[in-house]
Amino acid sequence: MRQSNTKSLIERLAPAGTAGALCLLAATANAAAPGITGTGGVNATFNLTAQTAYLNQPDGQTVYSWGYGCVSNPPAGQFVGVTNNASCSNMQVPGPTLVVTEGQTVTVTLSNQLPAAAGNTSILFPGFQVCAGTISGITTANPAGTCTPAAGNGVAGLLTQEAASGSTVTYQFVATSPGTRSYYSGTQGDLQVEMGLYGAIIVLPANAPSVCGTLTSPTTSGLPPLNPGGNGKARAQWGESDFRLATAAYDHPASCYDREYLFQFAEMDPNIHKAALAQVTALTGCTAGAAGCSLQVPTEPYHPGYFIINGRSMPDDMDPNYGGEYPHQPYNGNPHMHPGEMVLLRVIGQGRWQHPFHEHANHVRILARDANLILSKSNVLYQSGINNATTSAPGLAGAPLFTTTTTPGQAFDGIFYFTGRGLNWDMYAHNPSSKDPLATLGCTPDANGYNTGVPTAVNYFEWCQDHNKPLEVNPLGDVPGGGPATLPNPNIFTNGAWYGGTPYFGPDATLRADSTLRNDPGGANGLSGCVTGTTIANAPAGTNPTPNCSNLQPSNTQANPANERGWAFMWHSHNEREITTNNVFPGGMFMMMLVDSREFVIDESM
């Protein structure tokens, strides 16, 4: 399976193996939180099926699996988060992400199309009062309503009503509170969840706090609180679309966000999957429920070889959502952000192991676990974003975690952000003596110390305390000198084609740092625009004044798009075996948080 492509990506990421942060950016396949909404307006209805298929893995193997899918592909209007090439097949891992709104009555009908020998199957929806029938009498005092069981709706199981082979079962519940939760099989969970029967449900708040603004007016309200709508104006400046499902994760003024990503962690033991396939094949044609028509697949001892995020292992998780090469693994794991943005992480542990996942560049502030906000007993004042007003609400009490432990069956929501604060050098390489106007931008701190007054500037959200601080003692290019560090000459190829070539942020800063010729006085506005080559003064008419001009980087960093010169931070499991695929590194639970400069448009449609 695509072994040559996989090899190429592994090679270009090989220098990342020991580095926490790299000045590189790979293909721009972004993530967001793709999913589907239900039909029915106030009542969200989903028709799902459980079927078999094979999952592609980066070692070239295909793994026999089971998964939830859509009975039929929903109309385009039901896909949210990411819509480009969106589809919902009859089997996918994870199952379709169900996106509903707080207060909706949700109806899910499951059709069991697994092999007869697999027996019954079902879905559990932890955190909701599920009715195998019809809910009525929903009131403020009784938000979950009253359940009237439906006769003949599935068969009784140990944990819930189940769908027998070839039959259906219907569940109904009220989405009583916002947040991220899992759903998974409640039938022989040691086998069926391992085989891939799990997914996520996202409940959006019915009334997001006013401080978070609205999706329809992102440039006049919302983040950051000291400059309402500033982040929206910055996106609008560069023609960037808004792919959020909502403006807030919860009904709380500190749960606003600018971007969101959903990551579902799991692992697979190929021996279990091979045994299930062998037994299903041997029992082909048997009658469900008849003597001998059942699987006896041992699920212990457990030796997983694949460690997956959203059904994919690295490097496949960095390919686009709904990629054609992954017909049953539609969701990727490839987050992007700009400095100063608040990124909502929705994370679920879907396997049987606990995974210690480390997000480089900053801690993750936990908002909630299993859709339960973690709050203090006392109120604090939060900025409302309107005329410096404040609003009182219980304080957030979730811990900022260096490593987010992903617990089996548990979900959490957290906020991640990055600004470059505290680097103690100017990441934008501002140089007061430069002739490049982008090198001499100002930095006016707001009350929190950030440059948020001009959202259209490329250094929007710069930490002003580090403005104009040099990094290098004697730099090569058009960047300030006199700093504390001596760095390798960027003209040397030792870093490879996928290293940005400099520690500076953004395409202009990278160009200036790589070459003394960026300030060539022969060009317009005192700049030639060349990275290599010089402008010939008083060149004869009809001749090329820059015969050797090239926009290629001296250190051959054009392997990345020329307009994408950001930073990549490794996000990976701290269990080293889990960043391998069948013990080969890199693989497994490994991805990159790509922090892009403002002028690079993050396109979440892929």
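The side chain of His336 makes a polar contact with the side chain of Asp596, at 2.7 Å. A polar contact is a pair of N or O atoms within 3.5 Å; within protein, one must be able to donate a hydrogen and the other to accept it, and residues adjacent in sequence count only if both atoms are side-chain atoms. This is a predicted model, where local features need pLDDT of at least 70, side-chain atom pairs count only at pLDDT 80 or more, and totals for chains, interfaces and linings use all residues. Residues are numbered from 1 along each chain as its sequence is written, and side-chain values use heavy atoms, with hydrogens and water left out.

**His336**

- His336 sits in strand β17, residues 336–337. Strands (E, at least two residues) and helices (H or I, at least four) are DSSP runs, numbered from the N terminus.
- His336 counts as buried because its relative accessibility is 0%. Buried means under 20% relative accessible area, exposed over 50%, partly exposed in between (1.4 Å probe, protein chains only).

**The four-stranded sheet**

- Four strands form an open sheet with mixed pairing, in the order β4-β3-β7-β12. Its edge strands are β4 (62–70) and β12 (168–174), each pairing on one side only.
- Neighbouring strands of this sheet are turned by 20° against each other on average, direction ignored. Axes are lines fitted to C-alpha atoms, for helices over the stretch in contact, and angles run from 0 to 180 degrees between N-to-C directions.
- Strand β7 (residues 105–112) runs antiparallel to β12, and seven bridges join the two. Two strands pair if DSSP finds at least two bridges between them.
- Within β12, Gln172 stands opposite Thr107.
- Helix α4 (residues 270–282) lies across β3 (43–56) and β4, at about 80° to β4. Contact here means heavy atoms within 4.5 Å.

**Disulfides**

- The count comes to five disulfides. A disulfide is a pair of cysteine sulfur atoms within 2.5 Å. Three of the pairs are described below.

*Cys70 and Cys88*

- Cys70 and Cys88 form a disulfide with sulfur atoms 2.0 Å apart. The torsion about their S-S bond is about 85°, so this disulfide is right-handed.
- Cys70 lies in strand β4 and Cys88 in the loop between β5 (79–80) and β6 (98–101), so the pair ties together parts 18 residues apart in sequence.
- Cys70 counts as buried at 3% relative accessibility. Cys88 is buried too, at 4%.

*Cys212 and Cys256*

- The sulfur atoms of Cys212 and Cys256 are 2.0 Å apart and form a disulfide. With a torsion of about -75° about the S-S bond, the disulfide is left-handed.
- This pair links distant parts of the chain, 44 residues apart. Cys212 is in the loop between β14 (198–204) and α3 (230–237), and Cys256 in the loop between α3 and β15 (259–268).
- Cys212 is buried at 3% relative accessibility, and Cys256 is buried with a relative accessible area of 5%.

*Cys443 and Cys464*

- Cys443 and Cys464 form a disulfide, with 2.1 Å between their sulfur atoms. Their link is left-handed, with -90° about the S-S bond.
- Cys443 and Cys464 both lie in the loop between β26 (411–417) and α5 (507–514), so the pair ties together parts 21 residues apart in sequence.
- Cys443 is buried, with a relative accessible area of 17%. Cys464 counts as buried at 12% relative accessibility.
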